[in-house]
Each structure stands twice: as C-alpha cells, then as structure tokens.
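Here is a short briefing on how the inside of this protein is put together. Have the sequence and the model open as you read.

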Amino acid sequence: MVAIQIDPVTLVGTHVRLEPASLGHAQGMFEAANPDTFRLFTRQPTPWSVDACRDYIQYLIDEPKTLPFSLFDATTNELIGGTSYCDIRPAHRGLEIGWTWIAPSRRGTVVNPEMKLLLLQHAFETDVFPTGPAIRVMLKTHHENTHSQAAISKLGATYEGTLRQHVIMPDGSFRDTVVYSITDLEWNNTRAALLARIT
C-alpha cells in the first residue's frame, strides 16, 4: 500500500527537535514512556517492552496518510516523546496532529508548545501539499483525557464537538472523541500565542 504522506522532514527549535520516526527510536521510547502514557490511545504498545515500542512505531510508519515523528531534547538529544501528522488529505489541504505523547517529566514545560509551533508552522507556512500550505489542522483526544483537552485549548484551537461512542478501545470501552481545529485564518494569532508561551 502506498502511503499518502507529506515529505519527511526534520523540524528544529530552540528546545526540541522532531525527526521522522524510525525503528531505532524504540529503545528511547521505552525509556522515556511507560504503559500509562498510552492508556487512552486507541493503539498501545503491549505488553510493555522495547519490542512492543518497535511494533508501535512500525504501525505508524506503515499507516497510510500518516507521517510519524520522534521528539528529542534539542540540547541533550534525549528522546522525550512522539507525534504524527495523520489523516493527511492533500486534496483538501488538511491534516491532523495526533498520536502525541510526551515523557511524564517533560509535561507542562516548554516542550509541548514548541513542538506544536514547529508542526503548525511547517503545515501552515510551507507548501506541504502540491497545491500549497495546509488550510486546516485538526486535533482529537479521548473524552477522559482532560489534560490533553486543556493543552489543546491552550493552543487556541477551536472546539468543534464530540463524536459519541466513536471508537472501541483495546479494553472494550467506548471512546468519545473530542475534536478541535485550527485554520489558516487563525494561524497568526495562534502562532503569536505560542511564541509568547515559549519565550
């Protein structure tokens, strides 16, 4: 199957760096995360091991319309998280930022806003699609993940609604999916807010 992807790219900020994910990052993922990190994810590395982390990364690499990244501390080169461009829709110049996790020790720091700045800046300010930059970026999360919902709202993303009983989770429970978006018309304000948080 041929994936419909945005060209792989490395995005570098002051504090973090995003590289296309590779199987060689599995050990770093295993050391940075833990099983609870993925508790509300629809796909989880189980049982928790380096091999399961490698399988998880392979799944994202193989997933059509997805470009996964590994997140590194720009100073220490320590792997501290991961994220993806997903649901990539070239015909409609849209994509989602999802599958995002951050090492517990780095949450609530400059890491998330700078990571999102790099991803959104690349989406809205470069010709990621043959017809130009993105015009819409979506973010989704589990209805129980209030921490993620607060972080997405803090970005300035607009709440669009909740898809009820949208996904059956690995444990058999139902996930309501909370949906947000940022459009190109909102990007200047979002960028200014992110820069203010980072500095």
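Predicted model: local features only at pLDDT ≥ 70, side-chain atom pairs only at ≥ 80, totals over all residues.

- Leaving aside neighbours within four places in sequence, Tyr85 contacts residues including Ile6, Leu11, Phe69, Leu95, Ile97, Leu119 and Ala123.

**Helix α3**
- The helix has 15 residues and spans 21 Å from first C-alpha to last, close to the 21 Å expected.
- Of those 15 residues, 13 are buried, so α3 is largely enclosed by the rest of the structure.

**Aromatic side chains**
- One aromatic cluster is formed by Phe30, Phe38, Phe41, Trp48, Tyr56, Tyr59, Trp99 and Trp101.
- Phe38 and Trp48 form a tilted pair, with ring centres 6.0 Å apart and planes at 35°.
- Both lie in the loop between α1 and α2, and their pair ties together parts 10 residues apart in sequence.
- Phe38 is buried at 1% relative accessible area, whereas Trp48 is partly exposed at 24%.
- Tyr59 and Trp99 pair edge-to-face, 6.0 Å centre to centre with 75° between planes.
- Tyr59 is in helix α2 and Trp99 in strand β5, so this pair links parts 40 residues apart in sequence.
- Tyr59 is partly exposed, at 24% relative accessibility.
- The charged end of Arg43 sits over the Tyr59 ring, 4.1 Å from its centre.

Definitions and conventions. Residues numbered from 1 in each chain as written. Heavy atoms only, no water. Contact = heavy atoms within 4.5 Å. Helix = DSSP H or I, 4+ residues; strand = E, 2+ residues; numbered from the N terminus. Expected span 1.5 Å × (residues − 1). Buried < 20%, exposed > 50% of the residue type's maximum accessible area, 1.4 Å probe, protein only. Phe/Tyr/Trp six-rings, centres within 6.5 Å; stacked < 30°, edge-to-face > 60°. Lys NZ or Arg CZ within 6 Å of the ring centre and 35° of its normal.
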